[in-house]
Amino acid sequence: MVKQEMEQTILYNHLVKELELFFKEVGFEKAVIGISGGIDSAVVAALSVAALGKENVTGIFMPASHTSQESSKLAKDLAQSLNITLKTMNIRHMEQYFVEECASSFREDWNPIPNVAEENIQARLRMVTLYAYANKNNCLVVNTSNMTEALLGYGTMYGDVTGSISPLGRVGKLMVYRLANYINRKKLIIPQEIIDRQPTAELSDGQTDEGSLGSTYAILDPLTAYVFYEMAYSNASFITSSGSFNPDMTEIDDKYGKIFPSVVAMEAVVRMKKNAFKMLQCPPPIVLPENLKWWEMYPEFHAEFKAK
């Protein structure tokens, strides 16, 4: 437990320091963050306040067609706890108008049955909103995506995966939760309801992130980190000019079958392969500090990872 707290301290201090340094290097003082009422944006907002000061951080809550009242409440609770300005811009009408215009303009090429197109419109309208505010107020958009979802392509290009810097770009979903609890170690800063709620992008009614991903973060986070660092990143084959990622698929079961369910492992690696091109267009991540090994963030699999 003491070692885990040490690792969380190292990571937290590193993220805050690097975020502060980035803003100084590029000559900006203020940040704007899309606040959703979820865990990722809550942790990023807390890191940004620690790095830049509460007076330099603005949150924007942007409800769309499927946004719940719970999300609205939690966004306000977080902003109050961090003592940052929270602005609300309802994008429902923009979303509906845009979809109607697409249907009118594209006609037979626009299937009226909602699918990923409508879901992605929400994410892209939010990013347009964030950048409009950023440009008017001389600030930078701080990305809120975590590494697990980025590796699996669970994000919208030119939408929620956009920004000037990604504090959680090398932090998996499980560690995001540990960071939230670390931030709360002395006093409640991130509302407990945010930590406890089921992760959802609220792209459709009843949608959950784990349901969309096809497995739990408890499996997907360490699995994707393992593949990235040991099979792809270390060989410099994950990110190339073409966005290709070409592991030897016949070795997947041998490498991961003893730790993870074989079918889930195979499906996750295939998904990583198909979505590798998205990583080329993600904002620069804050990489892990040299004194923190990636596998140290997964105590449940620590021995197995270290042995590999």
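Here, buried means under 20% relative accessible area, exposed means over 50%, and partly exposed is in between, with a 1.4 Å probe run over protein chains only. Helices (H or I, at least four residues) and strands (E, at least two) are DSSP runs, numbered from the N terminus. Everything below comes from a predicted model, where local features need pLDDT of at least 70, side-chain atom pairs count only at pLDDT 80 or more, and totals for chains, interfaces and linings use all residues. Residues are numbered from 1 along each chain as its sequence is written, and side-chain values use heavy atoms, with hydrogens and water left out.

On one side sit the exposed residues His 93, Tyr 97, Glu 100 and Ser 105. The buried residues of α4 are Glu 95, Val 99 and Cys 102. These three cover an arc of only 60° around the axis, so they end up on the same side of α4; the arc is that of the directions from the helix axis to the C-beta atoms. Part of what covers them is α5 (116-137).

**View B. α4 end to end, and what comes next.**
Helix α4 runs over residues 92-106, and its 15 residues should span 21 Å at 1.5 Å a residue, which agrees with the 21 Å between its end C-alpha atoms. The expected span is 1.5 Å times one less than the number of residues in the helix. Just after α4, Arg 107 takes a positive phi of about 50°.

**View C. Two nonpolar cores.**
A nonpolar core is a set of buried Ala, Val, Leu, Ile, Met, Phe, Trp, Tyr and Cys residues joined through side-chain atoms within 4.5 Å. The largest one has 74 residues, and Leu 11, Val 43 and Ile 190 have the most contacts inside it. Helix α2 (residues 39-52) brings the largest share of this core, 10 residues.

**View D. Around Leu 11.**
Skip the neighbours within four places in sequence, and Leu 11 is in contact (heavy atoms within 4.5 Å) with Val 171, Met 175, Leu 179, Leu 288, Pro 289, Leu 292 and Met 297.

**View E. The largest pocket.**
On a 1 Å grid over the protein atoms alone, a pocket is an open set of points with protein on both sides within 12 Å along at least five of seven lines, a cavity is a set where a 1.4 Å probe fits but cannot get out, and lining residues have an atom within 4 Å of a point. Grid points are joined across faces, edges and corners, and a volume is the space filled by probe spheres set on the points. The largest pocket holds about 1,000 Å³. It has 50 lining residues, and the closest to its centre are Arg 126, Asp 160, Thr 200, Ala 201 and Leu 203. α5 gives the most to this lining, with 8 residues.

**View F. The largest cavity.**
There is 1 cavity of 30 Å³ or more, and the largest cavity has a volume of about 40 Å³. Its lining is made by Gln 4, Glu 7, Gln 8, Met 175, Arg 178, Glu 296, Met 297 and Pro 299. α1 gives the most to that lining, with 3 residues.

**View G. Two asparagines with positive phi.**
Asn 83 is not a glycine, yet its phi is positive, about 60°. This residue lies in the loop between α3 (69-82) and β3 (85-88). Asn 138, in the loop between α5 and β4 (139-141), has a positive phi near 55°.
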